[in-house]
Amino acid sequence: MSSSSSLACGRHCLDMSSPVIMGVLNVTPDSFSDGGRFTTVERALRQADAMLAEGAGIIDLGGESTRPGAAVVSTQEEMDRVLPVVERLVAEFDCLVSLDTSTSEVMAEGAACGASLINDVRSLSRPGALEAAAATGLPVCLMHMRGEPSTMQQHVDYDVPIEEEVARFLEGRIATCEQAGISRERIILDPGFGFAKTIEHNLRLMNRLDYLADFSLPLLVGVSRKSMIGKALGREVTDRLPGGLALASIAVMKGAGIIRTHDVAPTVDAVNMARAVLKEGA
Ligand code: 7PJ
């Protein structure tokens, strides 16, 4: 975990002295009509309100699905989905909003609307993303992946053990960020569970999460409902909560500072339980 126990996030200061829950808020509507969009915004706000009440410290707002096979979203469409929700979240809840985006325009405009963090599964690799993220002054989460979400499962043949691959990749992205003016104090790391990884990779990475502690940067872990749980337990996506809670607890025991989840209330309890055990040994 970071040596510092707080993270400057725009006008917010994120207390990292105990694990933070990041609630997932997807605004990827099926209907592109204005009627559909209005409903989506209202529904998103209700969902965010519930997650905040349950103890989420961050709302991770995404307008582009990164699941394998998901449709490509235009920049304009992503902006139209995300920006009105950022504005309303900031105005109504003044909460810490994370932008789950790889698009430079969404980073810039989202930050201007009051977002507090940039979470890019492509680690600022798209054209203009590095510069746009740097200019916001906000923290960025860098995540390990290879290829694109649509093709990433074709890139799972690594020459080195997965934890080394992840560490090398993140080291490279940190250096690139620093050259672009994003200082280490603004960087969060994520091993990218489920992104260009086999089930064996995912299990090994979880077991060796402390390998990434050498960076002394905050670690974010997202395992909620993911296929590694499905594969390990033989569970459909609707039945992965117990497996996800076990993984969230393990992640915290191994140093994760931020847990990204769809299921905030049970994850808060799981993480606080792990935290109570950790504190006993501190
Ligand atoms: C992650 C993410 C993750 C970070 C998604 C899903 C896929 N961002 N966005 N880490 N996963 N930082 O939730 O199943 O693991 S989208």
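Modeller: In this predicted model, a helix axis is a line fitted to the C-alpha atoms over the stretch in contact, and an angle between two axes runs from 0 to 180 degrees between N-to-C directions. With that settled, the axes of helix H3 (residues 104-112) and helix H4 (residues 129-136) come within 8 Å and cross at roughly 10°.

Colleague: Why is H3 called roughly parallel to H4?

Modeller: Angles under 35 degrees count as roughly parallel. The crossing of H3 and H4 is roughly 10°, and therefore H3 is roughly parallel to H4.

Colleague: Which residues make that contact of H3 and H4, and how do they divide by class?

Modeller: H3 contributes Ser-104, Met-107 and Ala-111, while H4 contributes Ala-129, Ala-132, Ala-133 and Thr-136. The contact of H3 with H4 divides into five nonpolar, two polar and no charged residues.

Colleague: What makes the arrangement of H5 and H6 parallel or perpendicular?

Modeller: The axes of helix H5 (residues 162-179) and helix H6 (residues 199-207) come within 9 Å and cross at roughly 75°. The range from 65 to 115 degrees counts as roughly perpendicular, so H5 is roughly perpendicular to H6. In this contact, Ile-162, Glu-163 and Val-166 of H5 meet His-201, Arg-204 and Leu-205 of H6. By class, the contact of H5 with H6 holds three nonpolar, one polar and two charged residues.

Colleague: How do you know which strands are the edge strands of the open sheet?

Modeller: The open sheet has eight strands in the order S8-S7-S6-S5-S4-S3-S10-S9, with parallel pairing. Strand S8 (187-190) and strand S9 (220-222) each pair on one side only, and they are the edge strands. On average, neighbouring strands of this sheet are turned by 25° against each other, direction ignored.

Colleague: What shows that S9 and S10 pair?

Modeller: Two strands pair if there are at least two bridges between them. Three bridges join S9 to strand S10 (residues 258-261), and the two run parallel; with the threshold at two bridges, S9 and S10 therefore count as a pair. Leu-220 stands opposite Ile-258 in S10.

Colleague: Where does H5 pack on the sheet?

Modeller: H5 touches strand S7 (140-143) and S8, and the direction of H5 makes about 145° with that of S7.

Colleague: How many cavities of 30 Å³ or more are there, and what makes a space a cavity?

Modeller: A cavity is a set of points where a 1.4 Å probe fits but cannot get out. By this rule there are two cavities of 30 Å³ or more. The largest cavity holds about 80 Å³ of space. Of the 13 residues that line the largest cavity, Ser-224, Gly-244, Leu-245, Thr-261 and Thr-267 are the closest to its centre. Helix H8 (241-253) and S10 are the elements that give two or more residues to this lining, and H8 gives the most, with four residues. The lining of the largest cavity has five nonpolar, four polar and four charged residues.

Colleague: What is the volume of the largest pocket, and which residues are closest to its centre?

Modeller: The largest pocket contains about 740 Å³ of space. Of its 37 lining residues, those closest to the centre are Thr-66, Arg-67, Phe-195, Lys-226 and Arg-260. Strand S3 (20-26), H6 and helix H7 (227-233) each supply at least two residues of the lining of the largest pocket.

Colleague: How do the lining residues of the largest pocket divide by class?

Modeller: The lining of the largest pocket comprises 10 nonpolar, 17 polar and 10 charged residues.

Definitions and conventions
Residues numbered from 1 in each chain as written. Predicted model: local features only at pLDDT ≥ 70, side-chain atom pairs only at ≥ 80, totals over all residues. Heavy atoms only, no water. Parallel < 35°, antiparallel > 145°, perpendicular 65-115°, else oblique. Contact = heavy atoms within 4.5 Å. Nonpolar A, V, L, I, M, F, W, Y, C, P; charged D, E, K, R; others polar. 1 Å grid on protein atoms, 1.4 Å probe; cavity = no way out; pocket = protein on both sides within 12 Å on 5 of 7 lines; lining within 4 Å. Points joined across faces, edges and corners; volume = space filled by probe spheres on them.
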